[in-house]
Structure formats: C-alpha cells, structure tokens
Amino acid sequence: MKKIVLFSISIFIVMQTASCIKNDKDRETIKMLQAKIDQFAPIEIKYDDSVLDERQKEVVKNIYLAAKIMDDIFLDQAYGKNRELLAKLQNSTSALDKKTLEYFKIMFGPFDRLEDDKPFYGTAEKPHGASYYPADMTKEEFSTWIKNNPEQEKAFTSEFTVIRRDGENLKAVPYSDYYKAELTKAAEYLRTAAEYADNASLKKYLLSRADAFLSNDYYQSDMDWMDLKDNLIEVVIGPYEVYEDKLRNGKAAFECFLTIKDKDASEKLAIFAKFLDDMENNLPNPKEHKNFSRGKSSPIVVANVVFTAGDTKAGVQTLAFNLPNDERVREAKGSKKVMLKNFNEAKYKKMLVPIAELILDEEQLKYVSFDGFFNHTLMHEMSHGLGPGNITVNGRSTEVRKELKETYSKIEECKADILGLYNNTFMIKKGVYPETFDKEMWVTFLASVFRSIRFGISEAHGAGNAIIYNYLLEKGGFGYNAETQRVKVNFDKVYDAAKDLANKLLVIQAEGSYEGAKEMIEKFAGETESISVLRKKLEVLPVDIKPVYAIEKMY
Ligand code: ZN
C-alpha cells in the first residue's frame, strides 16, 4: 500500500514538473509569437458603400465571396498541408495554438515570410516549389521529364498547372481540374456579380474570367481587364504572380484585389496628363535630350481597397500593382497600374508618421502630411514616363535600359523620385497645388526616404532614396544634427540641390552612360553614418500593416 502511494506521488511530481516545463515553454513561445504579430500594425480597411447603388453593392458582395475562395486556394498553393494545419489550429482551445493561428493567418501557413520561410509552427521545411510540385521533385527531374516527353512541355511549363506524381511518372494537372470544386463555386459568384453589373465592360470581364476559371485559358479575360472603362468597381481576380514558386518562378498564385476607384485622385491624374509635355519641357536637362514621344505608357488608376485575398495578402502588403503579366496582352494593350490609396493612407499613419516622429527635426513635424506622401507617389509614377527612353549612343539606336544594364532600375527609381519632387514644385507654379504644399512635400519626402531605406539599400527603391538623401545632404538641401540625431530640410537650398541631381540623372540616361551610373551609385548609394544611426532608431517600429477588412463583418 505504502509503496503504491509513494509511487503515485512520485508520478504526480514528475507530471507536475513536466507540465510546469511545458507551461514555461509555451509561455516563451507565446511571447515570441506575440512579438512577431506586433511587427504588423492592425488597421481597419473601411468599405464605403455610400458611393454605390443597390445593384453595385450586390456586385461587390459577390466578388467578395469569390475572393474568399482565392484565400482558400492560395492557402493550399502555398503549402500542401496548410488546410489540415489550419483546421487543427482552429479546433484547438490551447492558448499557444490560438496565438499560433493568429500568425499563421498573417503568413498563410506555418513559415515566416519575414525570415526566409523559417518554420514558426512545427519543424518541417517549406518546399521550394510550394505545393505546385511534388515536395521531393527537383528542378533537374522536372527538366529531364520535359526533355524525354517534349509533347508535354507546354502543359508542364504552363503557369496554370500543378505537377503531380502518377506512379513512376510525373503529370501536369490544369488548375481548372485540380481546383475544380473551388473554381466552379468562384465562377458562379462572378456570374451572379455580372448579372448585377450595369457597366458593360465590367460585366464582360466578370463573365470571361468566370469562363477562364473553368477553361484554364486566361487570355481573353486579361484582354477584357485592360478594356475596363468608366467602371467604378475595379477588380482583378485570378492566378497572377509567380514568386511563391521559388523552385522555378513558373506557377501562378491566386489572388484578388477588390477596389473602388477614387474620384479625386483620378481627376488629379487627368490634370497631370494634360501637363505632360509642359513637364518634359520644364525638365532641367539640355534641349536636345527632350523626349516628347513618351507618356503614352501604361494607364494609372487610383482606387481604394475593399478586400484583398490570396497571394497579395500574405505577409507584407503592396501599395500598387501592375498587371496583367501575359506578354501577349501587354504587347496588344499595354498594362495597367492600380495604386491603392487607402493602403497608402494606412502605411502613412502606421509607419511614416512614427518614422517622422523619431527622426525629423521637431520644428518641421508639422509639415508631414498624407497629401505630401501620396501626391509624391502619384508624381513618381507619372515621372517614369518622362525623360530619355529610346536614345542614340555613337550613332547607334538603343534604350536607356539596355545601356545602363544592372544599374538601370536604381537610376530609374531615383529619377522618378527626384522628378516627383521637381514636377510637383512645377504643379505649384501652375496653381494645381497651393503654395503651402511646398514645405509639406519636401519634409514628408525626407521622412519617407527612411521608410524606403529602413530595410536596406540594395534594392532599387532603397538605393534611389539613399542617392537623393546623401546628395542633398552634401549640397546642404538636407541637414543632419548629430547631437539630436534628427534631420531637416533646408528650404532655401533644397530646390536647387534637387534640380542639380535631376539634371545629372537625366544626362546619364540620355547619354546611356553606364560608367556615369556606376559612379553615381558608388558615390551616393552607400550607408553613410547618419543613415545607420537613424535606421537603428527605427528598429522599434512595426514592419508593416495588417489590414482588418470591414466587409468581412458584413457578409
Ligand atoms: Zn517607381
């Protein structure tokens, strides 16, 4: 008897210790997960349906229901075990699982997209080819199969098939078969939406996209998307980007942007469009370099997000997108850029304002404004269409892009940013913006430089911003106070310094000077002392926003 009691006491003690250790470990993990979740500042994305009539509301509702299906398909595309893991987490009552679920939803799976897909739930590694291919298939096996079965090449390399094992063999399965149940349902919602769509071009797109879900042929619906006209509801839904496929960047991920066009901004763009030739004329470069044959590039639409789904929602949020990717459609109709105004506003509030508060001269904080931020983004996009494009070097016809090689995107992004400022001062002179906008524009830009270079300057936008910051600092347009560790704009010098830099970049482009571009990058795109000091200060801030959609509470 005694023995038994003693025995059970010791078991009791062992169990107690084990559960204490487990609880401690869980508490640690929950803390770690919370820190990860806190990298994303939640913000409500409103759905203002007051601009819509009753029929349009039905259109939005049905597209939203189709978009939810894109969430589900992308979850499966990202990782074959995702649906199973999600169900497991959703059915669990443990505090740890609940916390895990929160981050799982942000990341669309158990892998941390901010840390090179390192697992935060379980220990399995993410397959490079996501769930597009058998997890154990190598690139070599894929190409060997095509070499031995050339008649299957088209199906295997299609963006819209998954590859599966079939006994000893490999086979390509069209999305329309593999996700038949999901895509049939999504097509039904799009057809219902089309019934309520009074805009003929939108109706056409919704119907042809519904057909594409079942036929697996997306060409016609991509063409119809480019033809959307006078539509208030701007939507894109389907398989597009190939980045989730890290094995061979070949398979497209499902996503949706459901948005409503922004009237004010669209009007502003129409005004800019009228000034395009004046702006080219006004550029601070030599007359013989002027280029009046551009500006007809891709149309720009400004819209407010109602809901996003799938690929685009996983991890970091995008501020704009440029589609379609089908080269045949791009050749026939160009591409369309959609800028997401309320996402810009969300990032402005949750990221830019806190950055400004940490690094700007306190006297100048009052000039930080959303207009300063967004109007610069708009003019940045317009400015890509200004300046040299096709050029002649030593009597040879060529393009800036070809001559500048790997330096091109850094120089081009830098050009668009500096001309964004330069052209906006021109718009002030033309009376499009009030005089007071001048200070807002420069100061807000200075803060936004640090939003771009916060995570490094190796990427094109970051490098372009570093060039502007370091150049203007050297010329006295910007000032850094090492004592307060804060920066400011010197209003009396900044315009001339910016003009000078704009001229240098435009000449590099017009001459197709690869050496000039390299020199500019080497001299100014580095991490200078003030950049490292200020970047360090920003480490406490969130990395991105986490959209919380109002429409999800409605339907
Ligand atoms: Zn750009």
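Modeller: We shall discuss the metal site and then some salt bridges.

Modeller: This is a predicted model, in which local features need pLDDT of at least 70, side-chain atom pairs count only at pLDDT 80 or more, and totals for chains, interfaces and linings use all residues. Residues are numbered from 1 along each chain as its sequence is written, and side-chain values use heavy atoms, with hydrogens and water left out.

Colleague: Which residues coordinate the zinc ion?

Modeller: The zinc ion is coordinated by His380 (NE2), His384 (NE2) and Glu413 (OE), at 2.1 to 2.2 Å. Donors are N, O and S atoms within 2.8 Å of the metal (3.2 Å for Na, K and Ca); water is not among the atoms, so sites may look incomplete.

Colleague: How are the donor residues spaced in sequence?

Modeller: The spacing is H-x3-H-x28-E.

Colleague: Is His380 buried or exposed?

Modeller: His380 is buried, at 6% relative accessibility. Buried means under 20% relative accessible area, exposed over 50%, and partly exposed in between (1.4 Å probe, protein chains only).

Colleague: Turning to salt bridges, how many does the structure hold?

Modeller: The structure holds 36, each being a side-chain nitrogen of Lys or Arg within 4 Å of a carboxyl oxygen of Asp or Glu.

Colleague: What does Arg486 pair with?

Modeller: Arg486 forms a salt bridge with Glu362, with 3.6 Å between the closest N and O atoms. Arg486 is buried at 17% relative accessibility, whereas Glu362 is exposed at 56%.

Colleague: Which residues are linked in a network of salt bridges?

Modeller: That network links Lys36, Asp112, Glu115 and Lys118.
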